[in-house]
Amino acid sequence: MKIIGLFIVVLTGGFLIYAAADFPAWGDPNSPASLHVSPYYLETTVELTHVPNAVTSVVADYRGYDTMFETTVIFTAGVVCFFVLRALGRKGLREESQERLYRHVLTGVTVRVKAGGKIPESSDFQRIDVSWTPPDLIIKTICRLLVPFIQLFGLYVICFGHYSPGGGFQGGVILGASIIVYAISTDLRSAVQRFREKTDALLAATGVFIYAGTGALCLLLGFNFLDYHALAPILFVDRVMARSHGIFIVEVGVGIAVMSTMIWIYNVLASRGHYDEGL
Amino acid sequence: MEDIVQTVVAKYNYWIYITLMMLGLYAMIAKNNLIKKIVGMNIFQTAIILFYVSIGVKKNATIPIMQEVHGHAVNVAAYHNPLPHVLMLTAIVVGVATLGVALAFAIRIYNQYKTLEEDEILAQIRTREEQMGKI
Amino acid sequence: MNAHYPALLVTVPLLSGFVISTAGWLNKRFCFPIAVAALAVSAFSCVGVLLQVIEQGAVIYKLGAWEPPFGIVYHVDHLNGLVLVVVSMVALINLIASKRTVQEEFPEKLGPFYTMYVFMCTGLLGITVTGDAFNLYVLLEITALSGYGLLSMSNNDRSTFATLNYLYMGTIGACFYLLGVGYLYIVTGSLNMRDIAQILPSLYGSKAVVAAFIICLVGVWAKMAFFPLHGWLPNAYTFASSAASGLITPLVTKVMIYVMIRLILTIFTPAFAFSVVLVSKPIVWLAVIAIVMGAVLALASRNLKKMLTYIVVAEVGYMVGGAWLGNRIGMTGAILHIVNDALMTLCVFLAVGNIVYKIKDTGFENLQGLFRKMPFTMGAFVIGAMSIIGVPPTCGFFSKWYLISGGLQAGQYGFVAALLFSSLVSVVLFFRVFEIGFYEPLADHHGHGHSAPQPEPQPQMHPMMDEAPVSMLVPLMVVAAGLVLVGMYTGDIVEHIVRFAIPNALI
Amino acid sequence: MFWQLDLAVLTLVVFAGIGSLMIKDLLGAGILFGAYSFLMCLMWTVMGAVDVAFTEACVGAGVSTVFFVAAVFRTTRRTKD
């Protein structure tokens with residue numbers, strides 16, 4: 001296999017290098033790629049959409065249709081991970097049918113409960129992971145302190161995408177990362193308690209639905225799909241600002257979808273689909 | 001000397017992207033471990049992203065965020081080409097989506113076969129089939 | 001609303017996907033009806049847009065109202081209009097036919113299953129309808145990801161590993177396509193297919209354009225399982241659940257062949273593909289090897305479903321070879337075969353789905369006495385098999401006829417011989433199945449507990465008929481009838497649709 | 001922009017990529033892949049693709065690495081190659 005692999009790789013690489021000889025020089029401002037379509041975006045982004053960041057305006061407006069599917073790709077990935085790994089119902093393992101560990105908080109004694117066993121109803125017993133390490137005060141405190149700031153930054157990135165690098169996708173990932181950090185620093189169960197799986201899945205669907213629904217709304221108002229001009233009478237602004245606001249609405253949708261999907265995928269992967277024990 | 005350096009620099013990005021891409025492709029074909037293959041797959045994808053980003057570069061230009069707000073015409077040559085950046089945002093997202101799905105499959109396969117090595121999995125499948133055939 | 005058909009046919013399934021996903025968490029009963037409604041609307045729009053195309057020529061839809069080279073446009077002409085109708089119909093029929101098996105296999109995960117199902121359809125329809133090279137890539141990934149999800153879960157525990165291999169291959173394919181688009185972009189600066197086609201003629205000498213063409217082709221071949229890159233297909237499709245293989249087997253390879261034809265005809269134009277790059281002869285020979293290999297491997301397999309997947313590999317060879325013959329008749333045959341092959345693959349896979357539903361396994365040793373047990377299913381299976389073999393009243397005959405005459409006209413006798421050889425092998429293959437199912441006596445031991453062994457009073461008069469439920473039989477019958485109907489109206493399809501799908505430059 | 005720096009980072013990227021494929025420990029491979037992504041993100045910042053770099057910093061160096069670590073934690077660190 002290694003020899004075949006090497007052969008294919010050398011062949012393909014040689015072919016690509018051979019073809020690269022005809023490329024325009026790196027960084028040439030007069031290359032065809034820089035002259036044909038892209039100047040239009042740079043010239044008209046402020047004039048037509050009021051968005052100085054050309055990348056944001058192209059992502060969410062000129063080529064917004066791509067981005068809608070891009071968000072759908074992420075959502076699909078979440079659905080597929082859930083579908084493949086998540087253990088549910090009779091095929092899946094209910095909590096009682098599994099061996100699990102509890103810790104008696106007052107004495108520090110660890111109790112192993114065999115499959116099918118029950119624990120006395122008492123708040124003294126705390127469920128712990130199989131590979132449990134005592135909670136580290138420093139890590140726990142710092143992560144708790146950090147989480148709100150990470151979230152604030154994520155919101156800033158989503159809202160300020162018009163004027164600086166960033167936007168719905170990056171902000172969404174940062175927001176998702178804040179919950180993931182919380183899940184890692186404490187344990188998965190307490191993170192899931194704050195952000196339930198159902199909420200998560202519904203939010204993910206809602207986020208993408210906001211995007212596609214905005215497009216469909218434009219269509220219902222008699223314009224083409226995703227033509228944000230249509231939103232002008234609803235948002236009480238002129239047509240150019242309508243584009244700007246349309247981009248913002250869409251970015252928020254992307255942010256929500258990406259955030260929830262990232263958390264969803266992490267939870268499913270880290271708990272092997274059981275949603276009980278994480279990293 | 002300056003000229004040679006210039007020509008190397010002019011296409012250096014393209015050589016690197018081809019190197020990385022071949023690295024990823026080789027890992028996907030020749031590596032035995034499923035997670036290593038997934039790493040190779042991601043290297044393969046980032047190499048293509050590097051290629052696209054290299055297309056968008058203009059010398060002595062700045063990031064594609066407009067500075068003058070109103071009035072005079074935009075000097076296009078002063079800003080990098082935004083279109084490849086847009087395309088690659090999508091490609092990165094697709095990359096992480098594929099990564100998540102691939103890892104989910106890897107975990108599921110590990111649950112079934114208790115190994116991530118391709119040859120060991122294939123051996124297990126073969127023994128199982130032989131047993132099925134006998135029974 | 002008429003003007004919005006091209007947008008509706010993609011976005012209605014897309015939007016329904018989110019609703020289905022939500023319904024999966026709230027009330028699972030609604031998942032199936034929503035999916036049916038969405039795909040029905042989509043199929044209706046597809047037919048509507050095809051009628052528009054036949055009446056008034058190509059339909060252009062600007063998404064976000066941006067002008068073509070700057071924004072994304074949908075460009076529906078006769079070629080993709082035809083493929084759209086086929087894709088949406090096949091998806092709808094399989095959805096209805098597979099309701100029961102899905103409910104039994106994934107009772108807890110109906111929501112995710114139907115979400116992935118409609119996303120798969122969205123992706124396939126989007127690939128077909130789009131006029132933008134990069135948009136095609138994104139949709140390719142949606143199709144691929146939801147396809148991995150659908151294929152990976154089944155009662156067979158080998159499916160996940162087979163799907164992971166498909167994922168590696170599929171990612172390589174998609175990345176190569178993306179790279180090819182990048183090569184095109186670096187020399188033309190455009191992503192719109194028709195815009196690229198206008199810029200390209202002045203660049204025919206460029207090595208980068210040739211490289212772009214070949215890289216795109218290799219990527220698409222990896223996705224359609226063309227001969228040297230076909231390794232992932234048989235396992236991934238064999239071990240999948242019936243509902244998933246009924247959707248994916250007929251459609252994914254065909255849509256990828258559509259993409260290849262679109263590359264040849266629209267982006268690079270026939271003049272470039274057949275005259276500037278001299279690769280058509282080697283590709284036809286590769287197709288010959290694909291056909292022969294597919295036929296031989298099908299002969300060697302002892303499982304009905306696996307045998308059919310190898311036939312799919314051979315059929316891919318038919319279409320790639322036909323498209324690369326470089327003449328009008330061959331191209332007509334290839335386009336016609338996209339339609340016919342989608343239908344006949346659907347037919348046989350629905351029949352296999354019914355068989356799996358009743359006897360759980362498709363190994364040859366379990367098929368004994370099937371004709372007596374499931375006469376309607378096997379009747380439809382026979383029609384599908386006849387079509388694959390190429391027996392006249394069914395549609396398979398006509399496309400094969402076009403392919404053979406195209407091969408003769410181009411002087412590619414190897415291709416003609418491979419087609420005839422593969423037809424002969426198909427005869428052997430299917431008659432072996434018929435023989436097992438028809439003549440051999442009903443084995444005693446294969447009741448899986450659903451019918452208690454009791455003395456049969458009149459075994460001859462009342463054979464143990466144990467047919468699949470009506471909800472699975474009716475769609476199968478519809479498809480089988482469709483095979484004959486499409487065969488009868490082949491002349492009209494060629495006259496009114498396929499003829500206009502091929503540019504006049506191709507003689 | 002210094003092209004020397006550029007070349008150095010590009011070369012480092014290749015080494016990080018090779019390293020993540022050669023190392024005989026899957027956790028290490030995941031972490032090195034994170035380093036690779038981060039270097040890549042530096043490259044793209046230098047090239048002026050700030051949005052892409054930002055995304056890669058969040059996704060490639062951040063979430064992807066976490067996914068890798070989670071998957072390795074739930075499977076095994078052992079690898080033969």
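Helices here are DSSP runs of H or I at least four residues long, numbered from the N terminus. The views below all come from a predicted model.

View 1. H11(C) covers residues 242-267. With 26 residues at 1.5 Å a residue, the helix should span 38 Å, and its end C-alpha atoms sit 36 Å apart, so the two figures agree. There's a kink of about 30° at Ile248(C), shortly before the proline Pro250(C). As for cover, 26 of the 26 residues of H11(C) are buried. H11(C) is followed by Thr269(C), which has a positive phi.

**View 2. Thr269(C), a positive phi in a helix.** Look at the backbone here: phi of Thr269(C) is near 60°, a positive value in a residue other than glycine. Thr269(C) belongs to helix H12 of chain C, residues 269-276.

**View 3. Asn60(B), a positive phi in a loop.** Over in chain B, Asn60(B) has phi near 55°, again positive in a residue that isn't glycine. Asn60(B) sits in the loop between helix H2 (34-56) and helix H3 (82-113) of chain B. Its relative accessible area is 77%, so Asn60(B) counts as exposed.

View 4. Glu315(C) is part of helix H14 (residues 304-323) of chain C. Glu315(C) is buried, yet no salt bridge goes with it. What is the nearest side chain of opposite charge to Glu315(C), and how far away is it? That's Lys400(C), at 5.6 Å, whereas a salt bridge needs a side-chain nitrogen within 4 Å of a carboxyl oxygen. Leaving out residues up to four places away in sequence, Glu315(C) touches His337(C), Asp341(C), Met344(C) and Ile388(C).

View 5. A disulfide is a covalent bond between the sulfur atoms of two cysteines.

**View 6. How the chains meet.** Five pairs of chains touch, and the pair with the most contacts is A and C. Chains C and D, on the other hand, share no contact. Their closest C-alpha atoms lie 15 Å apart.

Technical notes. Residues are numbered from 1 along each chain as its sequence is written. Chains are lettered from A and ligands numbered from 1 in the order in which they are written. This is a predicted model: local features need pLDDT of at least 70, side-chain atom pairs count only at pLDDT 80 or more; totals for chains, interfaces and linings use all residues. Side-chain values use heavy atoms; hydrogens and water are left out. Contact means heavy atoms within 4.5 Å. Helices (H or I, at least four residues) and strands (E, at least two) are DSSP runs, numbered from the N terminus. Buried means under 20% relative accessible area, exposed over 50%, partly exposed in between (1.4 Å probe, protein chains only). Lys and Arg count as positive and Asp and Glu as negative; His and the chain ends are not counted. The expected span of a helix is 1.5 Å times one less than its number of residues. The bend at a residue is the angle between axes fitted to the seven residues ending there and the seven starting there.
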